[in-house]
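Colleague: I am new to this structure and would like to learn how to read it. Could we take the features one at a time?

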There are 2 protein chains.
Amino acid sequence: MAMGEFDLIKRYFQQQILVDDSVQLSIGDDCALVSVPENYQLAITTDTMVENTHFLPTISPEDLAYKAVATNLSDLAAMGAQPKWVSLALTLPNVDENWISTFSQSLLHTLKQYNVTLIGGDTTKGNLSITITAQGFVEKNKGICRHKAQIGDLIYVSSTLGDSAAGLTQILLGKSAVDSDDVFLQQRHLRPTPRIELGQALIGIAHVAIDLSDGLISDLGHILERSQCSAEVELTALPLSSSILNKYDRTQAEQFALSGGEDYELCFTIPPEYKDELELRLKKLNVPCTCIGKINEKCGDFSPRFLRDGKPVNITFSSGFDHFKESK
Amino acid sequence: MAMGEFDLIKRYFQQQILVDDSVQLSIGDDCALVSVPENYQLAITTDTMVENTHFLPTISPEDLAYKAVATNLSDLAAMGAQPKWVSLALTLPNVDENWISTFSQSLLHTLKQYNVTLIGGDTTKGNLSITITAQGFVEKNKGICRHKAQIGDLIYVSSTLGDSAAGLTQILLGKSAVDSDDVFLQQRHLRPTPRIELGQALIGIAHVAIDLSDGLISDLGHILERSQCSAEVELTALPLSSSILNKYDRTQAEQFALSGGEDYELCFTIPPEYKDELELRLKKLNVPCTCIGKINEKCGDFSPRFLRDGKPVNITFSSGFDHFKESK
């Protein structure tokens, strides 16, 4: 016998033990009731993942739940916010109790890892789709936006770029992970790390930050457009993992890094005088960050310009991932 | 040429003029940044509407946008909250600019009507589906929950019940609205009114409140289960519109009222000593409320008992709307 939706929500998602005193009422009423401490603002983000658009039907419920949470927390990280609560809207084609049990366990486990409370949501019938609204605290007027890049700012990215796109390519080709490089790349696609601590460490020194969900060209482009400036990026400075370079030639690796998307690393800018302060703060974290270029005056459009060994080069491949454009 | 998703969001949903000083940053960044005033809590609710599950493919984009907003604000109303912000996750099978233009205009118009700001969201490709997360302010510890009904409380419902289910039945049968009764019933289905002012007027006198989305039996059942009590409901007291009684016999009208769902009226309880105060407060609103029964001690399960002219009767039809159960 199929379980009703109320039973579903109760049985699988109410298992968490609430230890968050910002939550006064959670799942099971018309609304959740929560509090925001004085001197804090709320950062709010919403992302949807649809089967066959954002993930393959072959993805495991564990990886899907993890990634749905991680990608939303990544948006909070990019503002320098401390994640607090998520609401989950889960649309399912049918009631597969094994699937839901595994999905919910992974979701709650991931939330617990980041001290985030599931405060409510909705379960509906339809094609598989997950919408999460995530909320976090950020000190008043300290949130890191996209529109405050200044000419002369240094542009940084965290960790390595392109791994996720390389891993997705392997998965799409049906390639099993036969060595540690394959495992690394595929895990970078399936299990991206939201850079929450890094985002918070950037408060007070970064002028802008964004998480790299659509690829560096596209996401840096958002910063440039919002900040009304341009940028130059040195291709030889792009941080590329040894795994991507073991598996792909440099040109392909650069393409993954620039336009592949879904790395969920942070791209941010700082004024040059904060370089030492940044390095000091990074020492306390386990996330290397690399300077890849600088912010320039606007010249023509807002696209970043690329250099190789200091000389201008043209980049010809696709400029970012867009679900609607992809379908043409 | 298809527009990209970023263009879509910008072009159609950024048209609103922000006049809400609780919103410091809205559409166009990784997150929105908002503030909650001191002494207030935040009420948060999420609801999804999926094509062919929650609405027919024939629904107009105007009605769909209206209803997606109204049903979420209805949850805030049931807590006594003042709606403030919504996030919109819109999944579309393709880019039909006429459709999106009409949908977004209706959505923004509806939000404006209720002084609510669209603070962000996501646009994705897939089967048509709308998830809204709505947030509102409620004075600290004043939110009206489901778990505080007391034995002896009087049970009230707002306006009339069953109209929406009657209107849906007409629409499903392909019946054109030929007279004012048909128009009334079908509009009650397509354009439910979130009882926001009523919800706020109930603060301090109502022990519990819920909005009637699944039908009185099911929704009152949620109150009874959460409050660990039972109830008796007098069937002759059910408020039925003249339109429903002009079009259906009393038995059918009662069935619509008890288990039809989607009325989005409020069901609430007050202690008898607040009867006069309730009537005083209702005079300032244009929403009649009717006492239909009272809260009793738990006896067996949490289902409400029904009386007709004071004598117990058995209700045999379905107890509420459940998307998964319906599919069996």
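Colleague: What is the area buried between chain A and chain B, and what part of it do carbon and sulfur atoms give?

Modeller: Keep in mind that this is a predicted model. The area buried between chain A and chain B is about 5,700 Å², and carbon and sulfur atoms account for 57% of that area. In terms of residues, 74 from chain A are in contact with 75 from chain B.

Colleague: How many salt bridges are counted between chain A and chain B?

Modeller: The general idea first. Side chains of opposite charge can pair when their charged atoms come close. Between chain A and chain B the count is one salt bridge. Its partners are Asp30(B) and Arg146(A), with 3.1 Å from N to O.

Colleague: Which strand of chain A gives the most to the side that touches chain B?

Modeller: That is strand β3 of chain A, residues 40–50, with nine residues. As for polar contacts across the interface of chain A and chain B, 14 residue pairs are found, both residues being at pLDDT 80 or more.

Colleague: Where does Arg146(A) lie in chain A?

Modeller: Arg146(A) is in the loop that runs between β6 (129–139) and β7 (154–158) of chain A.

Colleague: Is Arg146(A) buried or exposed?

Modeller: The cut-off for buried is under 20% relative accessible area. Arg146(A) has 12%, so Arg146(A) is buried. Beyond its neighbours within four places in sequence, Arg146(A) is in contact with residues of chain A, including Val208(A), His222(A) and Arg226(A), and with Gly28(B), Asp29(B) and Asp30(B).

Colleague: Which residues does the UniProt annotation "binding site" cover together with Arg146(A)?

Modeller: The UniProt record lists Gly121(A), Asp122(A) and Ser213(A) along with Arg146(A). These positions are spread over 93 residues of sequence, and they are spread in space too, up to 31.3 Å between C-alpha atoms. UniProt also places a "binding site" feature at Asp214(A).

Colleague: How should I read Ser213(A) and Asp214(A), and where are they?

Modeller: Read the place, then the accessibility. Ser213(A) lies in the loop between β8 (208–211) and α7 (216–227) of chain A. Asp214(A) is in the loop between β8 and α7 of chain A. Ser213(A) has a relative accessible area of 21% and is partly exposed, whereas Asp214(A) has 11% and is buried. Leaving aside neighbours within four places in sequence, Ser213(A) is in contact with Asp219(A), Gly261(A), Glu262(A) and Tyr264(A).

Colleague: How many salt bridges does a search of the whole structure find?

Modeller: Over all chains, the search finds 27. An α-helix has 3.6 residues a turn, so residues three or four places apart point the same way. Lys275(A) and Glu279(A) are four residues apart in helix α10 (residues 275–283) of chain A, and so about one helical turn separates them. Their side chains meet in a salt bridge of 3.7 Å, N to O. Lys275(A) is partly exposed at 35% relative accessible area, and Glu279(A) is partly exposed at 41%.

Colleague: Which residue forms a salt bridge with Glu277(A)?

Modeller: The partner is Arg281(A), and the closest N and O atoms are 2.7 Å apart. Both residues lie in helix α10 of chain A, four residues apart, or about one turn of the helix. Glu277(A) is partly exposed at 29% relative accessibility, and Arg281(A) is partly exposed at 23%.

Colleague: What about a salt bridge in chain B: how far apart are the closest N and O atoms of Glu262(B) and Lys67(B)?

Modeller: They are 3.1 Å apart. Glu262(B) lies in the loop between α9 (250–259) and β10 (266–270) and Lys67(B) in helix α2 of chain B, so this pair ties together parts 195 residues apart in sequence. Glu262(B) is buried, at 17% relative accessible area, and Lys67(B) is buried, at 2%.

Colleague: How many residues of α2(B) are buried?

Modeller: In α2(B), 18 of its 19 residues are buried, so the helix is mostly covered. Helix α2 of chain B covers residues 61–79 and reaches 28 Å from its first C-alpha to its last, close to the 27 Å expected at 1.5 Å a residue. After α2(B) comes Gly80(B), with a positive phi near 80°.

Definitions and conventions. Residues numbered from 1 in each chain as written. Chains lettered and ligands numbered in written order. Predicted model: local features only at pLDDT ≥ 70, side-chain atom pairs only at ≥ 80, totals over all residues. Heavy atoms only, no water. UniProt positions renumbered as here; feature names shortened; annotations may be inferred. Helix = DSSP H or I, 4+ residues; strand = E, 2+ residues; numbered from the N terminus. Buried < 20%, exposed > 50% of the residue type's maximum accessible area, 1.4 Å probe, protein only. Contact = heavy atoms within 4.5 Å. Expected span 1.5 Å × (residues − 1). Buried area = accessible area lost by both parts, 1.4 Å probe. Salt bridge = Lys/Arg side-chain N within 4 Å of Asp/Glu carboxyl O. Polar contact = N/O pair within 3.5 Å; in protein donor to acceptor, adjacent residues only side chain to side chain.
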